[in-house]
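Please read this report alongside the sequence and the 3D view.

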Amino acid sequence: MTRLDLIEMECTSCKNVIFGDKNAEYWYCGICGKRIDLKASAELQEKENKLKAKEAELKIRENALRKKEAELREKEEIIKALENGEELMKPKAQATPTFKATKTADGVVPTLVRPDTVLNNPEMKFTNLAGDANKKSEIPAPVKPVTPVPPVTPVTPAPVKPAEPVPVKPEIKPEIPVAENDVSALQNKKPKVQTPVSDGKPKEYEINEHTLVKYNTLNPNIVKVSIPANIWRIGSGAFKGNTNITSVVCSDNIKEICDSAFMDCTSLTEIKLSNEITKINFKTFNGCDKLKSITIPENVKEIMCDSMVCGLEEIVFKNARTTWEQASDAADASFAIDKNGKGKGVNRFIFRGTEYKAVDVFKHGCLTNYFKANGLCQYCGSKFSFVNGKCPNCKTKKDY
């Protein structure tokens with residue numbers, strides 16, 4: 001293991017002090033998780049150090065200028081005083097102690113003479129210390145201590161509770177009584193469907209983290225729906241059982257359509273899918289009896305089993321490699337095929353403007369396999385040229 005050369009730094013996001021590897025290009029803050037570019041931090045630190053050095057140098061220069069300014073002012077005052085004829089006040093020289101030789105029985109002994117002491121200064125006079133000592137000292141009368149007044153605690157007013165709003169009861173319409181013997185009336189009686197409400201208003205789109213959870217028909221006159229761009233995913237059963245809508249347009253922001261999203265939409269006749277979806281999921285369009293034609297986008301790779309068992313008669317493919325389930329059982333197949341020509345099931349596939357019989361192509365699982373089986377170009381379904389063996393549309397040679 002290599003030993004980390006740690007340096008102390010400051011996080012640019014949370015401003016906390018952290019330690020990071022000096023040799024690394026970037027580091028992550030252990031507190032907020034922010035990525036820190038160490039090279040940029042080192043450059044900023046170097047610039048900051050240069051700025052601090054310049055700031056210190058400027059402070060030194062500023063102090064020197066202030067000192068010179070004070071000296072110049074002092075010189076100006078001296079010049080003004082001399083011009084006005086004033087005498088300059090010279091500082092008094094301090095008296096230095098001297099030694100004086102005195103003769104004693106033991107010989108000559110030097111004694112210290114200090115001019116600033118009381119004994120050596122003839123101008124100093126002594127007071128009658130004895131008389132001062134005989135004076136009675138006056139003792140001041142004791143002062144009674146003043147009892148402190150206790151602080152008055154402020155009275156906090158009691159909080160006033162706001163008046164609670166009176167809940168408004170929804171108006172309940174009386175139900176028409178049904179006779180117990182009236183069996184037909186009881187059978188026809190439909191349960192009430194509760195529409196979700198937000199801020200007192202019903203919501204048309206129930207959205208949770210860009211997923212359409214449920215679409216609610218609020219206005220029966222609106223039969224064409226354009227899904228908003230802020231929806232990225234249509235949830236399972238979002239339109240299930242909606243018998244009002246006839247047309248749905250999906251924006252290109254939608255990446256996925258979940259199981260049974262449009263199941264039993266019996267009035268649906270037109271659907272425009274997003275170019276970003278990659279799969280037609282389980283029972284997506286089951287029960288859409290009026291849906292006769294559908295276009296499968298280019299990015300769709302798979303049509304799952306039992307996903308389009310409805311009123312389809314024609315399927316337009318944008319990609320020949322899109323696969324489907326070709327199980328013999330209609331319940332397990334991706335869609336039903338009109339095998340007997342009775343008009344029940346898909347009877348034709350369309351790819352690049354060319355129409356193919358669904359009965360002939362269905363068993364191959366995708367158009368590419370059908371093209372290979374018939375010696376056609378697997379990408380566009382065209383016949384290869386006899387001259388150069390290339391596809392006239394794709395310009396590719398036969399590679400299978």
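The text below describes a predicted model.

**Whole chain**

The chain holds five helices and 22 strands. Of its 400 residues, 24% count as buried. The exposed surface comes to about 30900 Å², and carbon and sulfur atoms supply 54% of that area. Among contacts with a separation of 6 or more, 26% join residues 24 or more positions apart.

Strands of a sheet pair through backbone hydrogen bonds, in either the parallel or the antiparallel sense. In this sheet, β12 (residues 233-234) runs parallel to β14, with two bridges between them. Arg233 stands opposite Glu256 in β14.

**A hairpin**

Strands β21 (residues 348-351) and β22 (residues 354-357) pair in the antiparallel sense over four bridges. Arg348 stands opposite Lys357 in β22. Two residues lie between the strands of this hairpin, and Arg352 there takes a positive phi near 55°.

Ser260 lies in the loop between β14 (256-257) and β15 (270-272). Is Ser260 buried or exposed? Ser260 is buried, because its relative accessible area of 13% falls under the 20% limit. Leaving aside residues up to four places away in sequence, Ser260 touches Gly237, Lys240, Phe282, Lys283 and Thr284.

Lys283, one of these contacts of Ser260, sits in the loop between β16 (279-280) and β17 (293-296). Its phi is near 55°, a positive value in a residue other than glycine. Lys283 counts as partly exposed because its relative accessibility is 24%, which lies between the limits of 20% and 50%.

**Lys395**

Where is Lys395 placed? Lys395 is in the segment after α5 (367-373). The phi of Lys395 is also positive, near 60°, again in a residue other than glycine. Lys395 is exposed, because its relative accessible area is 60% and the class begins over 50%.

| Residue | Relative accessible area | Class |
|---|---|---|
| Ser260 | 13% | buried |
| Lys283 | 24% | partly exposed |
| Lys395 | 60% | exposed |

Terms used. Residues numbered from 1 in each chain as written. Predicted model: local features only at pLDDT ≥ 70, side-chain atom pairs only at ≥ 80, totals over all residues. Heavy atoms only, no water. Buried < 20%, exposed > 50% of the residue type's maximum accessible area, 1.4 Å probe, protein only. Contact = heavy atoms within 4.5 Å. Areas by Shrake-Rupley, 256 points an atom, 1.4 Å probe, with all protein chains shown as cover. Pairing = 2+ DSSP bridges.
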